[in-house]
Amino acid sequence: MAGVSMGAHLLKRKVLKHSEFMLVDQQEDYGGVWKQNKYPGIACDVPSHGYVMRYFLKPDWSMKYAPGSEIQGYYADIAKYYGLEKNTKFKTKVIEARWNEDTYLWEVLLEDLATGKRTTWTANSVVHSGGQFSRPKWANIPGRESFKGTQWHTAEWRDDYDLTGKRVAIIGTGPSTGQVAPRIAPIVKQLNIYQRSATYVVPRGDGPIPKWKQKLFSWFRPLLWLYHVWWYASFESSKPMWLSGTKRHAKAQAFALQNLESQVKDPITREKLRPRNEFGCKRILVLDDWYPIFNRPNVELITDKPIRITEHGIISKPPDQLPGEELAGQPVGSYDLRNEDPNAKEQEREIDVLLWGTGFEMADQGGHFQVYGVGGINLAEEWGDSPKCYYSVAVTKFPNFMLTLGPNAANFWSNITTLVEIQCNYNCKLIKQIKQKNQKNAYALYVDPQVQKDYNAWIKRLMGGIAILSPNCSNYYTNSKGEATYWSPFHGYYYAWLMRWPRMKDFVQLQKPRSAINGVAKKTSTATATAV
């Protein structure tokens, strides 16, 4: 998604030509997360006409909430329109990017996933557009390797396996499980869903977009533009809903709880699904068919902790019977629901298939590939689970290195595709500066360390009141220190104003005469490698 948009911006703003940059993607087609994930029911939880790039509106979305395959096709269409296939290298993994202080170039080590062959490219700039929903995470439950049935992660869905009539378990109750479970529940013999903590669910109200509306948007593009702007404005205006203590926050929480009350019949199951934290603490589920599956006789919600995987099933134990060390290290709010059955005890449930709906590696934002900056500092080690950068796009001591959707980039009220466009526009201006300066001398820039420190202190002061930092709350937006590492406190329009032009005084600028660069041609490449 972000890589395609970055490439499109470089071309449409005439910053670089096709011959001057390359897109690198380990998938075999465009679309990023929408190409990798293909599990049943995958769709976006943002309305289709909001989840688009403003420069490439789509009049004929089939559903109010587009399915994943249609979104993947949308980004492939953008790439085709801008001719990005000319300079995209698929099925290629970035191993590392290392800054050479002698040549002022990045040395990017790539691996061809088909052949295993490794090559090194050099580039003046690297734009990291890897995103976060790309590295599957597995829960730390002993015995996974001993299971003799079939298992896979929802991000690595197997189309070749028929679940009909099988006894299936899913670990996790996040967005992936929320979409998979309703699709497979009617065909499996038994579905056991293991929940660590509940989240709020609101109805999606999904359905087909009428053909007449699609044709109207195709014929009258200004109306399509206004419809997109309306969605954008509705997102931005929802900020109070995500702030603790506001009337809109209380109203949203009450609405979500009423949704639970009206859809789940069994009072015990309903209580298990009742969140123990504030609305907006965790990512909410926007689904029409999640709660109704718990009215099915072949679906069981299990809130006991899975303590071991055996050859034929999963052993779970009521939380109140667990020794303290077995709950140590669990996120706040995990397994805090007492089992009301007085006869509850450790129990093994036999299964044929184990599905891991346990999400993605989110804490290690710098770990997609190894990045080495000035003095050989390693980005992943420098960041750990507390990443710091500048406006989510630049990192001190990493020259000519840019990000899209870096740390503190997103929130629940700003349209993610709009944020990507803002960052792509900003990065284009930095790349244009780098290209122009490189015509005479070797040139590089990175954000000043004090400026980055002051920026992060500023946004931390602005985080007050957000529900993701509320008591008894754990989520992937925050780290072990309670810092909101994914969260932006800004409205999208204010962020756009802040990012309207790079403030060059915020950057350390390095220049070196070409004559001082030993062993390098007098004129180096102005290529930009965009790692996706």
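## Strands, rings and helices in a predicted model

In strand β6 (residues 125-128), S125 and V127 point one way, V126 and H128 point the other way, and all of them are buried. Here buried means under 20% relative accessible area, exposed means over 50%, and partly exposed lies in between, with a 1.4 Å probe and protein chains only. Strands and helices are DSSP runs numbered from the N terminus: E runs of at least two residues for strands, H or I runs of at least four for helices. The model is predicted, and local features need pLDDT of at least 70, side-chain atom pairs count only at pLDDT 80 or more, and totals for chains, interfaces and linings use all residues. Residues are numbered from 1 along each chain as its sequence is written, and side-chain values use heavy atoms, with hydrogens and water left out.

Strand β6 runs parallel to β18, and 3 bridges join the two. Two strands count as paired if DSSP finds at least two bridges between them. Within this pairing, V126 stands opposite F401 in β18.

A further strand with buried side chains is β16 (residues 353-356). V353 and L355 point one way from β16, L354 and W356 point the other way, and all are buried. In a regular strand the side chains alternate between the two faces of the sheet. Strand β7 (residues 150-153) pairs with β16 in the parallel sense over 4 bridges, and W152 stands opposite L355 of β16. Strand β8 (residues 167-171) also runs parallel to β16, joined to it by 4 bridges. In that pairing, I170 stands opposite L355.

Between β7 and β8 lies a loop that contains L163. L163 counts as buried because its relative accessibility is 4%. L163 and K189 are 26 residues apart in sequence, and their C-alpha atoms are 8.8 Å apart in space.

The charged end of R144 sits over the ring of W356, 5.7 Å from its centre. The charged end of R144 sits over the ring of W138 as well, 4.3 Å from that centre. A charge is taken to sit over a ring if NZ of Lys or CZ of Arg is within 6 Å of the ring centre and within 35 degrees of the ring normal.

Two open sheets can be described next. Strands of a sheet pair through backbone hydrogen bonds, either parallel or antiparallel.

Strand β14 (residues 313-317) pairs with β15 in the antiparallel sense over 4 bridges, where I315 stands opposite E348.

A search of the whole structure finds 39 aromatic pairs. Rings of Phe, Tyr and Trp (its six-membered ring) pair if their centres lie within 6.5 Å, and planes under 30 degrees apart count as stacked, over 60 as edge-to-face and the rest as tilted. F412 and W487 form an edge-to-face pair, 4.7 Å centre to centre with 90° between the planes. F412 lies in the loop between β18 (401-403) and α11 (416-437), and W487 in the loop between α12 (449-461) and α13 (492-498), so the pair ties together parts that are 75 residues apart in sequence. F412 counts as partly exposed at 21% relative accessibility, whereas W487 counts as buried at 1%.

Finally, helix α1 (residues 2-12) and α11 pack at an angle of about 45°, with their axes 9 Å apart. That angle makes α1 oblique to α11.

Definitions and conventions
Axes are lines fitted to C-alpha atoms, for helices over the stretch in contact, and angles run from 0 to 180 degrees between N-to-C directions. Angles under 35 degrees count as roughly parallel, over 145 as roughly antiparallel, 65 to 115 as roughly perpendicular and the rest as oblique.
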